[in-house]
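Hello,

Here is the structure we talked about. Please open it and keep it in view while you read the notes below.

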Amino acid sequence: MHHRATSRRTFLTATAATAATAAAIGTAPAHAESVRDRDARLRGLIGRMSLEEKVGQLFVMRVYGHSATAPDQADVDANLKEIGVRTAAELVARYHVGGIIYFAWAHNTRDPHQIADLSNGIQAAGLAQPVPVPLLISTDQEHGIVCRVGEPATLMPGAMALGAGGSATGAREAARIAGAELAAIGIRQNYAPVADVNVNPANPVIGVRSFGADPAAVAGLVTAQVRGYQGGGVAATAKHFPGHGDTATDSHYGLPVITHSGEQWAELDAPPFRAAVAAGIDSIMTAHIVVPALDPSEDPATLSRPILTGVLREQLGYDGVVVTDSLGMEGVRTKYGDDRVPVLALKAGADQLLNPPDLAVAWNAVLAAVKGDELTEARLEESVLRILRLKERRGLFRAPYVTHRGVDREVGTRAHLAAADRIAEGTTTLLLNDGGLLPLSRRRQRNVLVVGADPASPSGTTGPPTATLGQALSELGFTTTVLSTGTAPGTAVIDAAVAAAAGKDAVVVGTYNVTATSSQRTLVARLAATGVPVVTVAIRNPYDVAQLRGHRAALAAYSWTDVELRAAARVIAGRARPRGRLPVPVQRADAPGTVLYPIGYGLRY
């Protein structure tokens, strides 16, 4: 009873606050408004801002805590140490930040009602400023292996799984549902879809976060997801411009160099970003990568005027919001200090400065750059106007608050969960099926051993994968035994798996990014040597199949989240037919230049 009363009080307070501040923040009139009138209204709002408030609008910052005003003491301590404020509300009051990014590790995303309340608290702080402005709350909800909001929200297949499904309709529906659920909890900007074309199998940071290796196919799915997310009520963000797909370095830890020529870039990397612009995308995220063909100075793209202004704005004709990738990543910090990075990003053409390692340093550096005439106030106002247009388009001036009733109506509904399972069912890819081993028969192959890798859940709310596969197969009529063997099984673990296989009718092995030196290869070979038929399920990169010997059937699931593993189990059991087709080529392990399975490959039954 107390919970419902609190929720109703929060809603009534929010409603009153919306009404009270509508005039102050320049809410759009009820009648249709021209673009010119809208911009004039927003410029009027900018005209009332101090320089400090304009600087603040450019920043999107992390903050610890489940509540905007009453976080746990450990989160207060973390905020004081990293930001010099106690709470999200204090962060908004002191720095006038235009946005906040949610992370699970910052304890922002415990459950849907809590997230909604946190969002409302942040908006209340934004609307309590001298010039009231709502905040644009964002997160990385790519689905698949990058997911900040977990169950009971609906978790969709990730990008490469959708690439394997090849359905623009499915990709659009996945994004629409995901967008509607984010909007319901107060998140109005999603850093998705990934528009990188993953042409390098060794890419350590993109991989299955990409729709695939074919630029045209990726472009089509980017278009579908932009329309889905934005139709669902959130700003989509294509990333990582100008294309992070062909790198062997992770820009979180180093500065990758992309050696594509200008022609190669136009042919391989550009099409998905062109498609995003054509689809009317709200925001594009920059990459901390060097592309000498586009900027010989070898500045990272985030800080490159030739790339952000010359290519993105002028060549591609994009006038939406440009957001940097996190300014805390090593790739953008290797060449310049933390005080120069935000200034150079603005000079390059960025609008939103995401998650600087030290906000005081970054914020004061931008302020000093304007006061010292390195940046003009007019240049800041260009970016602030783009940001306010985006907030307007996403309804934040009109309706900044969300309700628990709205959460319950949208988040994790039975219809959304059923759609996720249906979409996932079209993504599982069958790469090998010697002797027609699959589908397994509940009568002839009832006793199944499930072993394999159990990487941590991307959202902290799913898995472990071996348990998920085991339970799904049990529900489909098999008798299952589950043994977690890890990503690097030792001799004792492999011996235990071999012993557990005795008397079984089949073994299912979940493999995870198998390399030439991985002991997962030994596990599969030893299990196969028992004579019990082995089915492998690649739960991340689909390239595992090239490294394995002795298995009789091989599937690619593209992620280890429950929705994709349940789909793989249904294919194994014959409840669903394998319909996925490889969106990337798989090369031979012993001859990397030779294609073992081409793009479009996928067996049927």
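This is a predicted model: local features need pLDDT of at least 70, side-chain atom pairs count only at pLDDT 80 or more; totals for chains, interfaces and linings use all residues.

The structure holds seven aromatic pairs. Look at Tyr95 and Trp363. Their ring centres are 5.4 Å apart and their planes stand at 80 degrees, so this pair is edge-to-face. Planes over 60 degrees apart count as edge-to-face. The pair links distant parts of the chain. Tyr95 sits in helix α5 (residues 88-95) and Trp363 in helix α13 (residues 359-371), 268 residues apart. Tyr95 has a relative accessible area of 7%, so it is buried. Trp363 is buried as well, at 9%.

Now go back to Phe241 and Trp265. The centres of their rings lie 6.3 Å apart, with the planes at 90 degrees, so this pair is edge-to-face. Phe241 belongs to strand β5 (residues 237-241), and Trp265 belongs to helix α10 (residues 262-278). The pair therefore ties together parts that are 24 residues apart in sequence.

There is also a cluster: ring pairs link Tyr64, Phe103 and Trp105.

Last, find strand β9 (residues 429-433). How many of its five residues are buried? Five of the five are, so to speak, mostly covered strand β9. Strand β14 (residues 553-556) runs antiparallel to β9, and four bridges join the two. Within this pairing, Leu432 stands opposite Ala554 in β14.

Best wishes

Conventions:
Residues are numbered from 1 along each chain as its sequence is written. Side-chain values use heavy atoms; hydrogens and water are left out. Buried means under 20% relative accessible area, exposed over 50%, partly exposed in between (1.4 Å probe, protein chains only). Two strands pair if DSSP finds at least two bridges between them. Rings of Phe, Tyr and Trp (its six-membered ring) pair if their centres lie within 6.5 Å; planes under 30 degrees apart count as stacked, over 60 as edge-to-face and the rest as tilted.
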